[in-house]
Amino acid sequence: MEFECSKCHKIYPIDTLEANCSCGGLFNLKYKKEKFDLNKIKKNDWSIFRYINFMANKEEDQIVSLGEGLSPIVKLNDNVLLKMDYFMPTLSFKDRGAAALISHAKSIGVKKVIQDSSGNAGNSVAAYCARANIQCEIFVPEGTSPQKINMIKAHGAKINIIPGSRDNCADAARKKVKEEKIYYANHVYNPFFYEGTKTYIYETYEELGRIPENILVPVGNGTLFLGIIYGLEDLLSSGIIEKFPNIIGVQSENCDPLLQARKRNMDSYYEVKPKKTFAEGIAIGQPKRDEEILRLAKKYKVKFIHAREDKILEARHFLAKNGIYCEHTSAANYAGYLNYIETFGPLKEVLIPMCGAGLKSDH
(Lines give C-alpha, C1' and ligand atoms only; values in the text may rest on other atoms or scores of the structure.)
Protein backbone atom coordinates (compact mmCIF):
# COMPACT_ATOMS: atom_id res chain seq x y z
CA MET A 1 0.00 0.00 0.00
CA GLU A 2 1.25 3.50 -0.83
CA PHE A 3 0.27 7.08 -1.57
CA GLU A 4 0.35 8.34 -5.16
CA CYS A 5 0.29 11.99 -6.13
CA SER A 6 -2.84 12.84 -8.09
CA LYS A 7 -0.89 15.21 -10.36
CA CYS A 8 2.66 13.97 -10.98
CA HIS A 9 2.07 10.35 -9.80
CA LYS A 10 5.09 10.37 -7.49
CA ILE A 11 4.91 7.58 -4.91
CA TYR A 12 5.15 8.18 -1.15
CA PRO A 13 5.28 5.61 1.66
CA ILE A 14 2.07 5.13 3.59
CA ASP A 15 3.73 6.36 6.79
CA THR A 16 4.80 9.72 5.34
CA LEU A 17 4.11 12.74 7.52
CA GLU A 18 3.86 14.99 4.46
CA ALA A 19 0.41 16.48 3.86
CA ASN A 20 0.74 16.34 0.07
CA CYS A 21 3.23 15.90 -2.75
CA SER A 22 6.11 18.33 -3.24
CA CYS A 23 4.50 19.37 -6.54
CA GLY A 24 1.37 20.47 -4.66
CA GLY A 25 -0.78 17.53 -5.73
CA LEU A 26 -2.94 15.67 -3.23
CA PHE A 27 -2.44 12.02 -2.39
CA ASN A 28 -4.58 9.10 -3.52
CA LEU A 29 -4.34 5.61 -2.05
CA LYS A 30 -2.94 2.71 -4.05
CA TYR A 31 -3.66 -0.75 -2.72
CA LYS A 32 -5.12 -4.03 -3.90
CA LYS A 33 -8.82 -3.95 -3.13
CA GLU A 34 -10.77 -7.01 -2.13
CA LYS A 35 -14.08 -7.54 -3.91
CA PHE A 36 -17.07 -6.57 -1.84
CA ASP A 37 -18.86 -9.61 -0.46
CA LEU A 38 -21.59 -9.64 2.19
CA ASN A 39 -20.08 -12.87 3.54
CA LYS A 40 -16.80 -11.08 4.31
CA ILE A 41 -18.38 -8.44 6.53
CA LYS A 42 -17.32 -8.76 10.19
CA LYS A 43 -20.87 -9.16 11.49
CA ASN A 44 -19.87 -8.95 15.17
CA ASP A 45 -18.32 -5.48 14.74
CA TRP A 46 -20.95 -2.75 15.12
CA SER A 47 -18.90 0.05 13.57
CA ILE A 48 -17.67 0.99 10.10
CA PHE A 49 -14.82 -1.46 10.65
CA ARG A 50 -17.22 -4.34 10.00
CA TYR A 51 -16.09 -3.52 6.43
CA ILE A 52 -12.36 -3.55 7.23
CA ASN A 53 -11.76 -6.25 4.60
CA PHE A 54 -12.65 -3.68 1.93
CA MET A 55 -10.76 -0.74 3.48
CA ALA A 56 -7.15 0.42 3.48
CA ASN A 57 -7.01 0.24 7.31
CA LYS A 58 -5.45 -3.15 7.93
CA GLU A 59 -3.89 -2.93 11.42
CA GLU A 60 -6.85 -4.00 13.50
CA ASP A 61 -5.00 -3.46 16.79
CA GLN A 62 -4.64 0.25 15.89
CA ILE A 63 -8.30 0.88 15.14
CA VAL A 64 -9.86 3.91 16.87
CA SER A 65 -13.64 3.55 17.02
CA LEU A 66 -16.49 5.13 18.94
CA GLY A 67 -19.15 2.89 17.42
CA GLU A 68 -19.71 5.05 14.34
CA GLY A 69 -21.71 3.75 11.40
CA LEU A 70 -24.75 1.52 10.81
CA SER A 71 -27.03 4.55 10.68
CA PRO A 72 -30.65 3.62 9.97
CA ILE A 73 -32.50 4.45 6.76
CA VAL A 74 -35.86 6.07 7.45
CA LYS A 75 -38.68 6.26 4.92
CA LEU A 76 -39.88 9.88 4.88
CA ASN A 77 -42.54 9.23 2.24
CA ASP A 78 -43.12 7.00 -0.79
CA ASN A 79 -40.26 8.62 -2.72
CA VAL A 80 -37.71 9.73 -0.11
CA LEU A 81 -35.38 7.67 2.07
CA LEU A 82 -33.30 9.45 4.70
CA LYS A 83 -30.02 7.93 5.87
CA MET A 84 -29.71 9.18 9.42
CA ASP A 85 -26.01 9.87 9.56
CA TYR A 86 -26.34 12.27 12.45
CA PHE A 87 -26.86 9.13 14.57
CA MET A 88 -23.12 9.17 15.19
CA PRO A 89 -20.88 9.72 18.24
CA THR A 90 -20.33 13.41 17.44
CA LEU A 91 -23.69 13.81 15.65
CA SER A 92 -22.21 14.02 12.14
CA PHE A 93 -21.36 11.75 9.20
CA LYS A 94 -17.78 13.02 9.47
CA ASP A 95 -17.20 10.39 12.17
CA ARG A 96 -16.94 7.82 9.37
CA GLY A 97 -13.91 9.52 7.91
CA ALA A 98 -12.37 10.59 11.21
CA ALA A 99 -12.40 7.01 12.50
CA ALA A 100 -10.47 5.75 9.47
CA LEU A 101 -8.08 8.72 9.36
CA ILE A 102 -7.20 8.81 13.06
CA SER A 103 -6.81 5.03 13.08
CA HIS A 104 -4.19 5.46 10.36
CA ALA A 105 -2.52 8.34 12.22
CA LYS A 106 -2.28 6.20 15.35
CA SER A 107 -0.84 3.29 13.37
CA ILE A 108 2.09 5.39 12.10
CA GLY A 109 2.84 6.94 15.49
CA VAL A 110 1.45 10.46 15.05
CA LYS A 111 1.45 12.42 18.34
CA LYS A 112 -0.23 15.69 17.29
CA VAL A 113 -2.50 16.78 14.45
CA ILE A 114 -3.87 20.00 12.96
CA GLN A 115 -7.16 20.18 11.14
CA ASP A 116 -9.41 22.90 9.70
CA SER A 117 -13.17 22.64 9.45
CA SER A 118 -16.50 24.43 9.36
CA GLY A 119 -17.17 22.57 12.60
CA ASN A 120 -18.34 19.00 12.07
CA ALA A 121 -15.09 17.49 10.81
CA GLY A 122 -13.13 19.38 13.47
CA ASN A 123 -15.39 17.99 16.16
CA SER A 124 -15.01 14.46 14.78
CA VAL A 125 -11.23 14.65 14.56
CA ALA A 126 -11.04 16.14 18.06
CA ALA A 127 -13.15 13.31 19.49
CA TYR A 128 -11.20 10.52 17.81
CA CYS A 129 -7.88 12.13 18.75
CA ALA A 130 -9.06 12.23 22.36
CA ARG A 131 -9.88 8.54 22.11
CA ALA A 132 -6.45 7.80 20.59
CA ASN A 133 -4.55 10.07 23.02
CA ILE A 134 -3.29 12.26 20.17
CA GLN A 135 -2.93 16.02 20.68
CA CYS A 136 -5.24 18.03 18.45
CA GLU A 137 -5.50 21.63 17.23
CA ILE A 138 -8.55 22.72 15.22
CA PHE A 139 -9.04 25.83 13.06
CA VAL A 140 -12.61 27.02 12.42
CA PRO A 141 -13.93 30.12 10.60
CA GLU A 142 -15.65 32.91 12.47
CA GLY A 143 -19.39 32.38 12.61
CA THR A 144 -19.05 28.67 13.35
CA SER A 145 -21.85 27.38 15.55
CA PRO A 146 -21.00 27.90 19.25
CA GLN A 147 -22.30 24.40 19.93
CA LYS A 148 -19.71 22.93 17.57
CA ILE A 149 -16.95 25.03 19.15
CA ASN A 150 -17.96 23.90 22.64
CA MET A 151 -17.92 20.26 21.58
CA ILE A 152 -14.43 20.61 20.11
CA LYS A 153 -13.17 22.23 23.32
CA ALA A 154 -14.81 19.52 25.42
CA HIS A 155 -12.66 16.89 23.69
CA GLY A 156 -9.55 18.75 24.86
CA ALA A 157 -8.53 20.18 21.51
CA LYS A 158 -7.02 23.62 21.12
CA ILE A 159 -9.25 25.78 18.92
CA ASN A 160 -8.42 28.74 16.70
CA ILE A 161 -11.23 30.92 15.35
CA ILE A 162 -10.10 32.52 12.09
CA PRO A 163 -11.63 35.75 10.67
CA GLY A 164 -13.02 35.58 7.15
CA SER A 165 -14.26 32.70 5.04
CA ARG A 166 -13.91 28.92 5.31
CA ASP A 167 -11.11 29.18 2.76
CA ASN A 168 -9.24 31.71 4.94
CA CYS A 169 -9.49 29.22 7.78
CA ALA A 170 -7.94 26.46 5.65
CA ASP A 171 -5.10 28.75 4.58
CA ALA A 172 -4.27 29.55 8.23
CA ALA A 173 -4.20 25.88 9.21
CA ARG A 174 -2.04 24.86 6.26
CA LYS A 175 0.39 27.68 7.02
CA LYS A 176 0.94 26.33 10.53
CA VAL A 177 1.21 22.75 9.26
CA LYS A 178 3.95 23.80 6.85
CA GLU A 179 5.83 25.98 9.32
CA GLU A 180 5.73 23.63 12.30
CA LYS A 181 5.74 20.27 10.47
CA ILE A 182 2.65 18.98 12.31
CA TYR A 183 0.59 16.13 10.87
CA TYR A 184 -2.30 17.46 8.79
CA ALA A 185 -5.31 15.30 9.68
CA ASN A 186 -7.45 16.99 7.08
CA HIS A 187 -10.61 15.44 5.67
CA VAL A 188 -9.87 16.80 2.18
CA TYR A 189 -6.14 16.14 1.88
CA ASN A 190 -5.85 12.73 3.51
CA PRO A 191 -7.36 9.91 1.43
CA PHE A 192 -7.88 7.69 4.47
CA PHE A 193 -10.86 9.89 5.27
CA TYR A 194 -12.63 8.58 2.16
CA GLU A 195 -11.99 5.02 3.29
CA GLY A 196 -14.42 5.88 6.06
CA THR A 197 -17.03 7.81 4.08
CA LYS A 198 -17.35 5.09 1.44
CA THR A 199 -18.88 2.84 4.12
CA TYR A 200 -22.04 4.95 3.65
CA ILE A 201 -22.61 2.94 0.46
CA TYR A 202 -21.62 -0.42 1.93
CA GLU A 203 -24.17 0.12 4.71
CA THR A 204 -26.87 1.22 2.30
CA TYR A 205 -26.47 -1.96 0.28
CA GLU A 206 -26.33 -4.15 3.38
CA GLU A 207 -29.42 -2.50 4.89
CA LEU A 208 -31.62 -2.33 1.78
CA GLY A 209 -30.26 -5.25 -0.23
CA ARG A 210 -30.00 -2.86 -3.16
CA ILE A 211 -28.79 0.61 -4.12
CA PRO A 212 -31.58 3.21 -4.60
CA GLU A 213 -32.16 4.53 -8.10
CA ASN A 214 -31.21 8.08 -7.07
CA ILE A 215 -28.65 9.23 -4.51
CA LEU A 216 -28.50 12.86 -3.47
CA VAL A 217 -25.34 14.16 -1.83
CA PRO A 218 -24.20 17.58 -0.57
CA VAL A 219 -20.94 18.78 -2.14
CA GLY A 220 -18.61 21.28 -0.53
CA ASN A 221 -15.15 19.76 -0.29
CA GLY A 222 -16.63 16.51 -1.55
CA THR A 223 -15.81 14.20 1.35
CA LEU A 224 -19.13 12.35 1.22
CA PHE A 225 -19.45 12.72 -2.57
CA LEU A 226 -16.09 11.03 -3.19
CA GLY A 227 -16.78 8.36 -0.58
CA ILE A 228 -20.10 7.54 -2.25
CA ILE A 229 -18.50 7.34 -5.70
CA TYR A 230 -15.66 5.12 -4.44
CA GLY A 231 -18.13 2.86 -2.65
CA LEU A 232 -20.29 2.53 -5.76
CA GLU A 233 -17.22 1.80 -7.87
CA ASP A 234 -16.32 -0.98 -5.44
CA LEU A 235 -19.81 -2.49 -5.76
CA LEU A 236 -19.71 -2.16 -9.54
CA SER A 237 -16.28 -3.82 -9.89
CA SER A 238 -17.39 -6.58 -7.52
CA GLY A 239 -20.45 -7.34 -9.66
CA ILE A 240 -22.84 -6.36 -6.86
CA ILE A 241 -24.52 -3.68 -8.99
CA GLU A 242 -24.77 -3.51 -12.77
CA LYS A 243 -24.88 0.26 -13.22
CA PHE A 244 -24.47 3.50 -11.36
CA PRO A 245 -27.53 5.16 -9.82
CA ASN A 246 -28.40 8.73 -10.73
CA ILE A 247 -26.17 10.93 -8.54
CA ILE A 248 -27.39 14.42 -7.64
CA GLY A 249 -24.91 16.90 -6.17
CA VAL A 250 -26.28 19.74 -4.05
CA GLN A 251 -24.54 23.10 -3.66
CA SER A 252 -25.70 26.27 -1.98
CA GLU A 253 -26.82 28.91 -4.46
CA ASN A 254 -24.61 31.29 -2.46
CA CYS A 255 -21.47 29.16 -2.92
CA ASP A 256 -21.51 26.94 -6.01
CA PRO A 257 -18.07 26.68 -7.67
CA LEU A 258 -18.59 23.07 -8.76
CA LEU A 259 -22.12 23.53 -10.05
CA GLN A 260 -20.96 26.47 -12.14
CA ALA A 261 -17.96 24.51 -13.41
CA ARG A 262 -20.15 21.54 -14.35
CA LYS A 263 -22.52 23.87 -16.19
CA ARG A 264 -19.56 25.18 -18.22
CA ASN A 265 -17.99 21.71 -18.72
CA MET A 266 -14.85 22.87 -16.90
CA ASP A 267 -12.19 20.58 -15.43
CA SER A 268 -11.57 22.71 -12.33
CA TYR A 269 -13.77 24.85 -10.12
CA TYR A 270 -15.34 28.09 -11.35
CA GLU A 271 -14.30 31.05 -9.24
CA VAL A 272 -17.21 32.44 -7.23
CA LYS A 273 -17.43 34.92 -4.40
CA PRO A 274 -19.07 33.01 -1.52
CA LYS A 275 -21.96 34.76 0.20
CA LYS A 276 -23.37 34.02 3.63
CA THR A 277 -25.43 30.84 3.59
CA PHE A 278 -27.38 28.68 6.02
CA ALA A 279 -25.58 25.72 4.43
CA GLU A 280 -22.27 26.50 6.15
CA GLY A 281 -21.08 22.90 5.91
CA ILE A 282 -20.81 23.08 2.10
CA ALA A 283 -19.75 26.74 1.76
CA ILE A 284 -16.41 25.94 0.10
CA GLY A 285 -15.31 28.44 -2.54
CA GLN A 286 -12.07 26.68 -3.47
CA PRO A 287 -12.48 22.89 -3.16
CA LYS A 288 -9.05 21.26 -3.29
CA ARG A 289 -10.21 18.03 -4.94
CA ASP A 290 -12.21 19.91 -7.56
CA GLU A 291 -10.57 18.22 -10.55
CA GLU A 292 -11.28 14.74 -9.23
CA ILE A 293 -14.85 15.64 -8.28
CA LEU A 294 -15.53 17.13 -11.71
CA ARG A 295 -13.85 14.24 -13.54
CA LEU A 296 -16.05 11.73 -11.72
CA ALA A 297 -19.12 13.95 -12.15
CA LYS A 298 -18.53 13.94 -15.88
CA LYS A 299 -17.83 10.20 -15.97
CA TYR A 300 -21.02 9.27 -14.10
CA LYS A 301 -23.24 12.05 -15.51
CA VAL A 302 -23.78 13.69 -12.13
CA LYS A 303 -26.32 16.51 -12.12
CA PHE A 304 -25.77 19.45 -9.76
CA ILE A 305 -28.64 21.40 -8.28
CA HIS A 306 -28.92 24.46 -6.04
CA ALA A 307 -30.27 24.44 -2.54
CA ARG A 308 -32.15 27.70 -2.74
CA GLU A 309 -31.30 29.91 0.21
CA ASP A 310 -34.91 30.97 0.74
CA LYS A 311 -36.01 27.32 0.97
CA ILE A 312 -33.50 25.96 3.52
CA LEU A 313 -35.32 27.05 6.66
CA GLU A 314 -38.61 25.96 5.14
CA ALA A 315 -37.12 22.52 4.47
CA ARG A 316 -35.75 22.36 8.01
CA HIS A 317 -39.15 23.18 9.49
CA PHE A 318 -40.81 20.53 7.30
CA LEU A 319 -38.35 17.86 8.36
CA ALA A 320 -38.71 18.81 12.04
CA LYS A 321 -42.48 18.51 11.74
CA ASN A 322 -41.82 14.96 10.57
CA GLY A 323 -39.59 14.19 13.55
CA ILE A 324 -36.26 14.85 11.81
CA TYR A 325 -34.32 17.57 13.65
CA CYS A 326 -31.30 18.24 11.44
CA GLU A 327 -28.82 21.07 11.02
CA HIS A 328 -29.22 23.64 8.28
CA THR A 329 -26.81 21.99 5.84
CA SER A 330 -28.78 18.74 6.04
CA ALA A 331 -31.97 20.71 5.44
CA ALA A 332 -30.25 22.16 2.37
CA ASN A 333 -30.10 18.60 1.01
CA TYR A 334 -33.88 18.36 1.17
CA ALA A 335 -34.22 21.87 -0.31
CA GLY A 336 -31.97 20.70 -3.15
CA TYR A 337 -34.20 17.66 -3.68
CA LEU A 338 -37.28 19.88 -3.91
CA ASN A 339 -35.53 22.11 -6.45
CA TYR A 340 -34.48 19.04 -8.45
CA ILE A 341 -37.98 17.59 -8.79
CA GLU A 342 -39.34 21.04 -9.60
CA THR A 343 -36.71 21.41 -12.35
CA PHE A 344 -36.48 17.86 -13.74
CA GLY A 345 -39.63 16.11 -12.59
CA PRO A 346 -40.46 13.55 -9.88
CA LEU A 347 -38.07 10.86 -8.68
CA LYS A 348 -39.33 7.39 -7.88
CA GLU A 349 -36.82 6.76 -5.09
CA VAL A 350 -34.08 8.97 -3.71
CA LEU A 351 -31.67 8.48 -0.79
CA ILE A 352 -30.81 11.70 1.07
CA PRO A 353 -28.25 11.96 3.90
CA MET A 354 -29.08 13.66 7.16
CA CYS A 355 -25.48 14.64 7.83
CA GLY A 356 -25.64 16.64 11.06
CA ALA A 357 -27.94 16.98 14.06
CA GLY A 358 -30.02 20.11 14.57
CA LEU A 359 -28.68 21.00 18.01
CA LYS A 360 -25.27 21.66 16.46
CA SER A 361 -26.46 24.55 14.32
CA ASP A 362 -29.02 26.41 16.43
CA HIS A 363 -27.41 29.83 16.31
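Trainee: What makes residues count as the lining of the largest cavity, and which lie nearest its centre?

Mentor: A cavity is a set of points on a 1 Å grid over the protein atoms alone where a 1.4 Å probe fits but cannot get out, and lining residues have an atom within 4 Å of a point. Here 21 residues line the largest cavity, with F93, K94, T223, G281 and I282 nearest its centre. Mind you, this is a predicted model: local features need pLDDT of at least 70, side-chain atom pairs count only at pLDDT 80 or more, and totals for chains, interfaces and linings use all residues. Residues are numbered from 1 along each chain as its sequence is written, and side-chain values use heavy atoms, leaving out hydrogens and water.

Trainee: How much space lies in the largest cavity?

Mentor: About 220 Å³, where a volume is the space filled by probe spheres set on the points. The second largest cavity holds about 90 Å³.

Trainee: Which helix gives the largest share of the second largest cavity's lining?

Mentor: Helix α4 (residues 166–180), with 5 residues; a helix is a DSSP run of H or I, at least four residues. That lining divides into 2 nonpolar, 2 polar and 6 charged residues, with Asp, Glu, Lys and Arg counting as charged.

Trainee: Why does E309 have no salt bridge?

Mentor: A salt bridge needs a side-chain nitrogen of Lys or Arg within 4 Å of a carboxyl oxygen of Asp or Glu. For E309, the nearest side chain of opposite charge, K276, is 8.4 Å away, so there's no salt bridge. E309 is also buried, meaning under 20% relative accessible area with a 1.4 Å probe, protein chains only.

Conventions
Buried means under 20% relative accessible area, exposed over 50%, partly exposed in between (1.4 Å probe, protein chains only). Lys and Arg count as positive and Asp and Glu as negative; His and the chain ends are not counted. On a 1 Å grid over the protein atoms alone, a cavity is a set of points where a 1.4 Å probe fits but cannot get out, and a pocket is an open set with protein on both sides within 12 Å along at least five of seven lines; lining residues have an atom within 4 Å of a point. Helices (H or I, at least four residues) and strands (E, at least two) are DSSP runs, numbered from the N terminus.
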